[in-house]
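Work through the exercises below with the model open. Each task is followed by a solution in steps.

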Amino acid sequence: MHGIKKQWEEIQTAIAAACARSGRDPKEVNVVAVTKYSDLDTTRQVLDLGLMEIGESRAQEAVPKYKALGDRGTWHFIGHLQRNKVKDVVGRFTYIHSLDRFSLAQEINRRAELAGCTMRCFLQVNVAGEATKFGLAPEEVANFAQEVAQFPHIHLEGLMTMAPRVENSEETRPIFRELSRLRQEIQKEKGLTLPHLSMGMSRDYVIAVEEGATWLRLGSVLVGGR
Ligand SMILES: *Cc1c(COP(=O)(O)O)cnc(C)c1O
């Protein structure tokens, strides 16, 4: 408990410092506490600390946790989502950070319509073009955003990326900067509103804040690794 509390205090201090350096208001920076490494008890401790935005990346593990604790927080699905798992996520989770293909958008919209809800979605972008990562190529995102904006049961929140794993986190800066630039370009060209940037994980969140992140997804730095 104290471990997580202390980590959370240090994270808040680091976010405040990064905001001061970049002239941002810390209130613009939201944190998803990623509990995919955590058991039920640890997830409960995270909620007890007042961290109400909970991130999970695998439906099989997330659903039992949601069933136990779902009424306490707001749930974010952050991992790669298979179409046959959409029914488990829609109606439970509020956000999906990993929308990256049209067939997935169709299924999310269909299931959300059946559930009578609207899903808040981020478009995942593979900025670095890594073969091992999911996500749209940067040049596909504008047209994809325009298509997704037509779905009545999907609300476009913005763009999401995962930066490559590097020795020096400073090397991630161009990735985050490019996602931010892409967001502005799409808003201008397509007349869409994309208010948010979901970027920054344990290793690189300070850089992401400096580059405009509005949602950080923090796992190991908060609750320890697996
Ligand atoms: C696991 C995961 C995170 C959190 O990772 P940490 O490095 O532990 O902070 C963030 N985003 C996604 C998509 C993840 O799968």
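**Exercise 1.** In which sense do S4 and strand S5 (residues 119-124) pair, and over how many bridges?

Solution. This is a predicted model. Step one: S4 and S5 pair in the parallel sense. Step two: the pairing runs over three bridges.

**Exercise 2.** Find what joins S4 to strand S3 (residues 74-77).

Solution. Step one: S3 and S4 run parallel, and two bridges join them. Step two: His76 faces Tyr95, a residue of S4, standing opposite to it.

**Exercise 3.** Is strand S4 (residues 95-99) largely enclosed or largely open?

Solution. Step one: a residue counts as buried under 20% relative accessible area. Step two: five of the five residues of S4 are buried, so the strand is largely enclosed by the rest of the structure.

**Exercise 4.** Which handedness has the β-α-β unit made by S4, helix H5 (residues 102-115) and S5?

Solution. The unit formed by S4, H5 and S5 is right-handed.

**Exercise 5.** Describe how helix H6 (residues 141-148) packs with helix H7 (residues 173-190).

Solution. Step one: the angle between H6 and H7 is about 55°, and their axes lie 10 Å apart. Step two: angles under 35 degrees count as roughly parallel and 65 to 115 as roughly perpendicular; H6 and H7 are therefore oblique to each other. Step three: the crossing of H6 past H7 is right-handed. Step four: on the H6 side, Val141, Ala142, Asn143, Ala145 and Gln146 meet Leu182, Ile186 and Lys190 in H7.

Key. Residues numbered from 1 in each chain as written. Predicted model: local features only at pLDDT ≥ 70, side-chain atom pairs only at ≥ 80, totals over all residues. Heavy atoms only, no water. Buried < 20%, exposed > 50% of the residue type's maximum accessible area, 1.4 Å probe, protein only. Helix = DSSP H or I, 4+ residues; strand = E, 2+ residues; numbered from the N terminus. Pairing = 2+ DSSP bridges. Right-handed = clockwise from strand over helix to strand, strands pointing away. Axes fitted to C-alpha atoms, helices over the stretch in contact; angles between N-to-C directions. Parallel < 35°, antiparallel > 145°, perpendicular 65-115°, else oblique. Left-handed = near helix turned anticlockwise from the far one by under 90°. Contact = heavy atoms within 4.5 Å.
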